[in-house]
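Biologist: Could you walk me through a few parts of this one, starting with how a pair of helices packs?

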Amino acid sequence: MSRSLPRYLAALALFAPAIGCGGGGGGGNDDAGATVGATENPGPTQGSAGTDGGDPTEGGTDTSDDPTGGSQPVSCDEGPQPGPMPRLVRLTHSQYDLTVADLLKLNLDPLPSAEFLADPAVAGFDNNAQQMVVKDRLGRDYRRAAERLAGEATKPDALAALLPCQPEGDGSQCASQFVAEFGRRAFRRPLTPTEQTTYSGLFSQGAGLYPEGTPFEQGIRFIIEAMLQSGHFLYRVELSDSVDSDQVIPLAGYELASRLSYLLWGSMPDDALLAAAEAGELDTAEGVEAQARRLLDSPKAEAPVADFHRQWLELDKVDNLQKNSDLYPEFNKTLAHAMREETQRFVRHVVFELEGDYAALLSAPVTFVNAELAALYGLQGQFGAEFTEAALDPQKRAGILTQPSFLATHAYQSMSSPIFRGAFVQKQILCTPPPPPPGGIDPNLPPLGDDIVTTRDQVEAHTQQDPYCAGCHKGIINPPGFAFEHYDALGKWRDLDNGAPVDASGEAVSGSWLLSFTDAVDMVHQIGESANGTRCYLTNWFRYGYGRDVAPIDRCTIDALDAELAASGYNIKELLVSLTLTRTFRFRAVEE
C-alpha cells in the first residue's frame with residue numbers, strides 16, 4: 001500500500017494477519033534426522049556413509065500414533081470424525097501466486113512470491129496451516145506485492161478485463177459495482193453491506209495518490225490494493241459455528257467452495273463454483289463430488305498435483321545438485337533442469353493422461369526425455385531439445401524411483417549413496433522413517449581394499465561395526481538403498497561397480513512387512529502394489545490436501561479412505577475426489 005495511505009486503512013486491511021493464526025504445529029525441519037546433505041556435501045575421497053534418517057515425530061503409516069510421539073487409542077465405532085483445523089488458513093505462496101493471477105487476469109513474471117521468505121515445511125509439506133503465520137517481513141512483502149499488482153491491474157488494457165461496467169460521470173457507480181463483483185471473487189464470498197460501503201468509499205480517496213492514471217483508474221487501484229491486503233483475501237476464513245445433530249459443524253457453501261478450489265486447483269473458486277455455493281449445491285456430498293470432478297477435468301488441476309509431487313519427491317534438491325566433473329563431464333545445470341522436467345511430465349502423464357493409479361506411478365516403464373536425458377538413459381534414436389515420450393527397458397527402469405531426479409539427488413558428487421536412497425524409501429514411500437542417528441558418529445566409509453570392492457561393501461562394513469547402528473541399517477535403511485546400486489551417482493545404469501558385479505538384492509523391514517527383492521525394479525513393483533505403499537501415499541496426500549499433519553482421530557478417516565481406494569485400484573484422481581467427500585473435509589470439529 002502506498003506510503004501516503006492512512007494508517008487506519010492499513011490496520012483495517014491487515015486485521016487478520018494480526019490475529020494469532022500461528023503457533024503450535026509440531027513437525028519441524030524436514031531434514032532433522034540428517035547430519036549430511038546429499039546434494040550439499042561431496043563426501044570424502046573414499047565416500048561417506050551418510051546419516052539421512054526420517055524425523056520420527058512425523059508419524060507413520062499407523063495414523064493412530066500421535067505425531068508428537070505418544071500413542072492415543074482411537075475408537076472408530078462412530079465412524080470417521082473431523083480432525084482439528086484452524087479457522088484462518090493463510091494461502092501458501094504458490095496459492096497466492098495462482099490466486100492473484102486468476103483474480104487479476106494477469107500473466108505474472110516474476111511471480112509475486114519470488115521476493116517472499118519461503119514457507120516453512122512441516123511433515124514434508126510447506127502448507128501446514130498452524131505454521132502459516134504473517135510476521136512483519138511477510139506483511140511488508142504483501143504490501144509491496146499489492147502495490148505492484150494493483151498498478152499492473154489498472155493499466156487500461158488490463159483494467160478493461162476486470163471492469164463489469166463502463167464508467168460514467170465521476171465513475172462512482174461503476175466503482176461500486178466493481179467492488180461488489182471483484183470483492184466476491186477476491187474474498188471468495190459476497191461482501192457484507194459494511195464491506196461494500198467501506199471499499200466503495202475508498203474510490204474517491206484514490207485520486208491523486210499515484211503519479212499515473214486517470215482519477216477513475218487511481219480509485220480502482222486504491223480499492224485493489226486494500227483488498228489484496230485484507231485478511232479475507234490472504235486467508236481462507238471459516239466462521240461457520242452452527243452445530244448439527246451429529247455434533248459437528250457443517251461448512252457453509254462458500255467455505256466449501258474455497259476448500260475445493262484450493263485442494264484441487266491451488267487457487268480461488270471460479271464463477272461456476274461460487275454460483276454452486278450460492279445455490280446450495282455444495283450442501284450435499286453429491287454436489288461436492290460433482291464439482292470436484294469438474295475441477296479435476298480442468299488443466300488448472302495440474303498445479304497442485306505437480307506441487308504435491310514436487311515436495312513429496314524432494315524435487316527442489318535438483319536445483320542445488322552438483323557432481324564431480326571429472327567423473328561426470330556430461331553433468332551441468334541444463335541436465336539437472338531436464339531431470340526435474342522429466343519427473344514433472346511423467347507425473348502429469350500418469351495422473352491426467354493415463355488417469356493411472358499409484359502402481360503406475362511407481363512402475364510404468366516410460367518417461368519423457370530430451371537429447372541430454374536420452375544419452376543418460378542410453379536410448380537410441382533421434383532426440384532434440386523438446387521432450388518426447390520414450391519407452392524404457394522394463395528390466396532396468398520402472399516409474400519415478402528409477403528416474404535421475406531421485407537417483408542423482410540422493411547420491412554424492414562422486415558416488416551413489418545407498419543410505420540416502422534407502423532412508424528416502426522408508427520415510428517418504430513407506431512412511432516408516434528411521435530414527436535419527438546418534439551424535440558423534442564417523443561418516444567416513446572404510447577405504448576400498450581386497451575385501452571391500454563395491455559401494456555396498458563399504459556401507460555394510462561401516463554400518464555393521466557398531467551394534468546400535470546395525471540395528472537400523474542392516475534391515476531397514478541399507479537394503480532398499482542397495483536395490484538402487486545398479487544406478488550410479490548420476491542415475492545411469494551400471495552392471496559393475498568398481499569392476500565388480502552389482503548386487504542389488506536384499507530384504508528390508510518396513511513396520512511389520514518383510515520385503516524381499518532382487519533389484520530396484522522388483523522392489524518398486526512390490527511397493528506399488530502393496531498396502532504399505534498405497535496407504536503411505538494416501539497419508540501424504542492427507543497431509544498435503546488438508547494442510548496439516550495427521551492427528552490420532554484421523555486414523556478412522558484414513559482407514560475408510562484406504563479401504564475404499566484399495567477396492568477401486570487406488571486411482572490417483574479418484575483419491576483426490578475421495579479427499580473432498582470425507583467428514584473432515586466437509587465439516588469442522590466443535591472446538592473445546
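Modeller: In this predicted model, the axes of helix α3 (residues 93-104) and helix α4 (residues 136-153) come within 11 Å and cross at roughly 20°.

Biologist: So is α3 roughly parallel or roughly antiparallel to α4?

Modeller: Angles under 35 degrees count as roughly parallel, so a crossing at roughly 20° makes α3 roughly parallel to α4. The crossing in which α3 passes α4 is right-handed.

Biologist: Which residues make the contact?

Modeller: On α3 they are H93, Y96, V100 and L104, and on α4 they are L138, Y142, A145, A146, L149 and A153. Sorted by type, the residues of this contact are 9 nonpolar and 1 polar, with no charged residue among them.

Biologist: Switching to strands, which way do the residues of β4 point?

Modeller: In strand β4 (residues 366-369), V366 and F368 point one way while T367 and V369 point the other way, and all of them are buried. Side chains in a regular strand alternate between the two faces of the sheet.

Biologist: And what does β4 pair with?

Modeller: Strand β4 is joined by 4 bridges to strand β5 (residues 388-391), and the two run antiparallel. Within β5, T388 is the bridge partner of V369.

Methods:
Residues are numbered from 1 along each chain as its sequence is written. This is a predicted model: local features need pLDDT of at least 70, side-chain atom pairs count only at pLDDT 80 or more; totals for chains, interfaces and linings use all residues. Side-chain values use heavy atoms; hydrogens and water are left out. Axes are lines fitted to C-alpha atoms, for helices over the stretch in contact, and angles run from 0 to 180 degrees between N-to-C directions. Angles under 35 degrees count as roughly parallel, over 145 as roughly antiparallel, 65 to 115 as roughly perpendicular and the rest as oblique. A crossing is left-handed if the near helix is turned anticlockwise from the far one by less than a right angle, and right-handed if clockwise. Contact means heavy atoms within 4.5 Å. Ala, Val, Leu, Ile, Met, Phe, Trp, Tyr, Cys and Pro count as nonpolar, Asp, Glu, Lys and Arg as charged, and the others, Gly among them, as polar. Buried means under 20% relative accessible area, exposed over 50%, partly exposed in between (1.4 Å probe, protein chains only). Two strands pair if DSSP finds at least two bridges between them.
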